[in-house]
Amino acid sequence: MHDVREWTAALKRLMMRYREPVIVQTLRSAAAATIAYVIALRLSPEPAPLTSPLTALLVVQVTFYATLTNGIRRVNSVVAGVLVAIAFSLLVGLTWWSLALLIVASLGVGHLVRVDEYVAEVAISAMLVLGVTTVGFTAWARIVETLIGAFVGMACNLLLPPPVWVDKAGQSIEDLARRVRQLMLRMGEEAAGRVSWELAAERLHEARRLDQHIAQVDASLRQAEDSLRLNPRVKEGLLHRVVLRTGLDTLEICTVVLRVLARSFTDLAKARGSEDLFPKEIGAAVEQLLSEIADAIVSFAVLVTTDLSESAESAEARLTAELHTAAGTRDRLAELLQEEVGKDWENWQLMGAVLTEVNRIIAELDTEHRTRRLLEELDRVSREQRARLPRMTRLRERLGVQEDLWRNRTGFGERSP
């Protein structure tokens, strides 16, 4: 009874986390392999048809988009590897020299069947299958098991689409924005006082290291984009992809400008030597401005990753207010710098560069600028899709016309289920 309660509690915890992509992918893989094994038990003469669940496990790793684009090549690589393994199991079995020949033969077959980037998977599938295949098993039984596994894996990808990785991509975008915010806050605090050239140079290195985080976010975003394409669980997948991608582009531009700003701070610290980085009043204005821009960057990331319209409106209003406040502080800083030019003629270019760089960040975060950028990107992607898939575009247009006619006739805004 105690074990039953423990299993029940564990199942409840699992159900609470069922929306997590890793959990969903694990359950999909286990379900596909199990179903393939059950079907193979009925259709295959072998007592333990492990080739079928193994093939299903390999095939079900393909995303829904990849299933329709390059998934066929991956299935072909699995089937080709299985067939090579079957031939070796019937002829020589598994030895160290047959394994070497198996790898050579599998890679050669992979190039012959033109599976492109999945050539290595031919050899991988062959080695895995050969490990569970022994001499004496009939070849046709293994072929049947392979076809069952491939069919179940493909069907699982179609009926149970893989998880959508948008939340993970959104979280990575927000993490990047918070890293940028923390660096800007530190730079603002140091701008209000005396900072050594070495410390300013360290901030410059931190700004450069943000490129690594951008690469990680880009990889996460690519995964999310693949999970959105042609996924029946997602509405307006193109809009989601463009919103996230343009949001990352804006953050990347802000990161580049921040790196330039850190460089200006470094050069200014070196030029002023033992003096404060900025005069006291100007330093306080720079600290306040960078703090306000840092908050706006996080608000921008929240706006980009927010799905619900009400939450998006709230995030946009907050971002607009923060940018308005930052613009006021920037104007005050411009007046202070204008007065300082006559006192410190030698460093006026570096001080003026600071104002130029914060202006660029504010302009990139502007909501109107983002709206124009978003519409331009949507138009560009739509044109590319129409040029690349003209038949699919015409089919969508016909379906759209039919749906409009149906709505006009029935008077309903949305088609009934």
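**Close-up views of a predicted model**

**View 1. The salt bridge between Arg186 and Glu206.** Arg186 and Glu206 form a salt bridge whose closest N and O atoms are 2.8 Å apart; a salt bridge here is a side-chain nitrogen of Lys or Arg within 4 Å of a carboxyl oxygen of Asp or Glu. The model is predicted, so local features need pLDDT of at least 70 and side-chain atom pairs count only at pLDDT 80 or more, while totals for chains, interfaces and linings use all residues. Residues are numbered from 1 along each chain as its sequence is written, and side-chain values use heavy atoms, with hydrogens and water left out. Arg186 lies in helix 9 and Glu206 in helix 10, so the pair ties together parts that are 20 residues apart in sequence. Helices (H or I, at least four residues) are DSSP runs, numbered from the N terminus. Arg186 is partly exposed because its relative accessible area is 31%, whereas Glu206 counts as buried at 16%. The cut-offs are under 20% relative accessible area for buried, over 50% for exposed and in between for partly exposed (1.4 Å probe, protein chains only).

View 2. Arg203 is buried, at 12% relative accessibility. Salt bridges link Arg186, Glu190, Arg203 and Glu206 in a network. The structure holds 11 salt bridges.

**View 3. The largest nonpolar core.** This core has 66 residues, of which Met184, Phe265, Phe278, Ile293 and Ile297 touch the most other members. The elements that give two or more residues to this core are helix 9 (166-191), helix 10 (197-228), helix 11 (237-272), helix 12 (280-304), helix 13, helix 14 (348-365) and helix 15 (367-388). A nonpolar core is a set of buried Ala, Val, Leu, Ile, Met, Phe, Trp, Tyr and Cys residues joined through side-chain atoms within 4.5 Å. Leaving aside residues up to four places away in sequence, Phe278 touches Ala191, Phe265, Leu268, Arg272, Gly283, Val286, Met351 and Val354; contact means heavy atoms within 4.5 Å. Another core, of 11 residues, lies apart from it and includes Val84, Ile86, Ala126 and Leu130.

View 4. Helix 13 spans residues 309-341 and contains Thr329. Thr329 is buried, with 4% relative accessibility. Its contacts, not counting residues up to four places away in sequence, are Ala285, Gln288, Leu289 and Glu292. Asp331 forms a salt bridge with Arg330, the closest N and O atoms being 3.3 Å apart. Asp331 is partly exposed, at 40% relative accessible area.

**View 5. A nonpolar patch on the surface.** Leu90, Leu91, Val92, Trp96, Trp97 and Leu101 form this patch, with about 690 Å² of accessible area together. Patches are made of residues with over 30% relative accessible area and no salt bridge, like charges being joined within 9 Å and nonpolar side chains (Val, Leu, Ile, Met, Phe, Trp, Tyr) within 5 Å. Helix 5 (71-91) and helix 6 (96-112) each supply at least two residues of the patch, and helix 6 gives the most, with 3 residues. Leu91, in helix 5, is exposed, with a relative accessible area of 72%.

Conventions: Areas by Shrake-Rupley, 256 points an atom, 1.4 Å probe, with all protein chains shown as cover.
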